[in-house]
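Hi,

Here is the structure I said I would pass on.

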Amino acid sequence: MHTTRLVRVFHRRKAVFFVVLGVLLGGLFLWTAGVHTYVVNDAGNETQIVAFHSMSVSSVLAKANTRSLRPEDVVTPDVAAVIPQGKIAIVRAKPVTLTIDHTSETIYSTAGTVGKLLAENGVKLNTADKVSPAPANPVPYNKDIVVKRTTYAYTSKTEAIAYQRVYKKNPYMEVGRSYISVMGQNGLLKKTIKVTKVAQKAVSSAVVKTQTIKSVVHEVYDVGTAHLDLKPTRTYTMSATAYSNRASTILNGKDHLSGYSGLWLHYGTCAVDRRLIPMGTVLYVQGYGYAVAADTGSAIIGNRIDLFFNSYGDACRWGRQSVKVYVLPITRSQLYKKLGIT
C-alpha cells in the first residue's frame, strides 16, 4: 500500500514537471517569436530598437531619437512603411552652394554627381553652358557649384557705304574740262550682330548677316579728252548758253531726254537754229568740245547755241559765253567711230 502510494505521487509530480516545463518552453517560444529587432543606421551611427510588435519606420525612428529629417534626406525603407524587423538606413542630405550666373542659394542633396544634383533641382544645361565642377564630377559638398549660362542676343546697326569717285574719260568734252556726270551717294548697310553672353556678361560679338538697304552710287567724274584735230568747213562766233533737263546730276542713266531730232540728249549734244545749222551737224565748240546738233529752242535763233549738260548745276556754272563754233566735215556716225563710241 505504501509502495503504490509512492508510485502515484511520483507519476503526479512527473506530470506536473512536464506541464511546467511545457509552459516554460511555450512561453519562451512565444516570447522569442514576438520580439521585433530593428537596427537604425543614421549616417553611419547605429541604434538597435526591440519591440513586441511590427512597427512603422517613422515609429522606429522616433524610438531611436533620431534628429529631424529634412525633405531631402533619403530613408530606406520609406518612413511610412510598416516592417516586422530589419535595418533602416538614413542618408542625410548635405549642403552645397549653387550659383547660377549671379544668383546663389544653398541647397541640400544626396546626389553623387554634379549633373545629378542639377537635374534633381530642375537645372537644365545647354551645350554651351559652363559648369564648375563638371557634371560628371562628385558633388563638392560644403563648397560651391557654379553654373554660367551662355545666352545669345541679336542686335542690328546701320552703316554708311561710302561712295568712291570714279574718273571717266569723256571723248566729247574738251581737254582741260571736267564735270560730274553722276552724283555720288552713300549706300546704307544693315548688319545683324550676334552677341554671346556668359553669366549675363557680353564676351564676344560677330556679324551674322549683312543686308544692303540702299545701294551705293559711285560719283562719276568726266574728264575731257577732245581737241580740234579736223579742219572746219565754217566757223561762227556764237553766244553759248547751257541747259539740262535734270535738277540734279544724273543718277541712274534712265532719265534720258530726246531732242527735236529724236536723239538722246547728253553732254555732246546741243540746240541750234536749224535754219543756220541742220540737225545732225557735227560741231566743235570752243571750251566745250564736240557737239552734235540734236535739238532746237524758241529762243535759239541765229548765232546762238544752247549746250546740253548732264546736270542743272553744271549748266549754271557755264552760264553764257561767247565762243567759236566750228562746223566739221564729218557725219555723226563718223564722229562716233572717231571717238570709239558704239
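Phe309 comes out at 0% relative accessibility, so it counts as buried (buried is under 20% relative accessible area, exposed over 50%, partly exposed in between, with a 1.4 Å probe and protein chains only). Before I go on: this is a predicted model, where local features need pLDDT of at least 70, side-chain atom pairs count only at pLDDT 80 or more, and totals for chains, interfaces and linings use all residues. Residues are numbered from 1 along each chain as its sequence is written, and side-chain values use heavy atoms, with hydrogens and water left out.

Back to Phe309. Its ring and that of Tyr267 have centres 5.5 Å apart and planes at 85°, so this pair is edge-to-face. (Rings of Phe, Tyr and Trp, the last by its six-membered ring, pair if their centres lie within 6.5 Å; planes under 30 degrees apart are stacked, over 60 edge-to-face, the rest tilted.) Tyr267 sits in the loop between β19 (264-265) and β20 (269-271), 42 residues from Phe309 in the loop between β23 and α4. Like Phe309, Tyr267 is buried.

The model has 10 aromatic pairs by this rule. Another edge-to-face one joins Tyr179 and Phe309, at 5.1 Å centre to centre and 70° between the planes. Tyr179 belongs to strand β13 (residues 178-182), so that pair ties together parts 130 residues apart in sequence. Tyr179 is buried too, at 8% relative accessibility. Tyr179, Tyr267, Phe309, Tyr288 and Trp318 make up one aromatic cluster.

Of its 40 residues, Ile305 and Leu307 touch the most other members. Strand β22 (residues 289-295) gives the most, with 5 residues. Domain 3 (153-220) and domain 4 (228-339) both contribute, so the core lies between them; the bounds come from an automatic or database domain assignment.

Two charges over rings as well (NZ of Lys or CZ of Arg within 6 Å of the ring centre and within 35 degrees of the ring normal). Arg70 has its charged end over Tyr108, 3.6 Å from the ring centre, and Lys194 does likewise over Tyr152, at 4.4 Å.

Cheers

How values were computed:
A nonpolar core is a set of buried Ala, Val, Leu, Ile, Met, Phe, Trp, Tyr and Cys residues joined through side-chain atoms within 4.5 Å. Helices (H or I, at least four residues) and strands (E, at least two) are DSSP runs, numbered from the N terminus.
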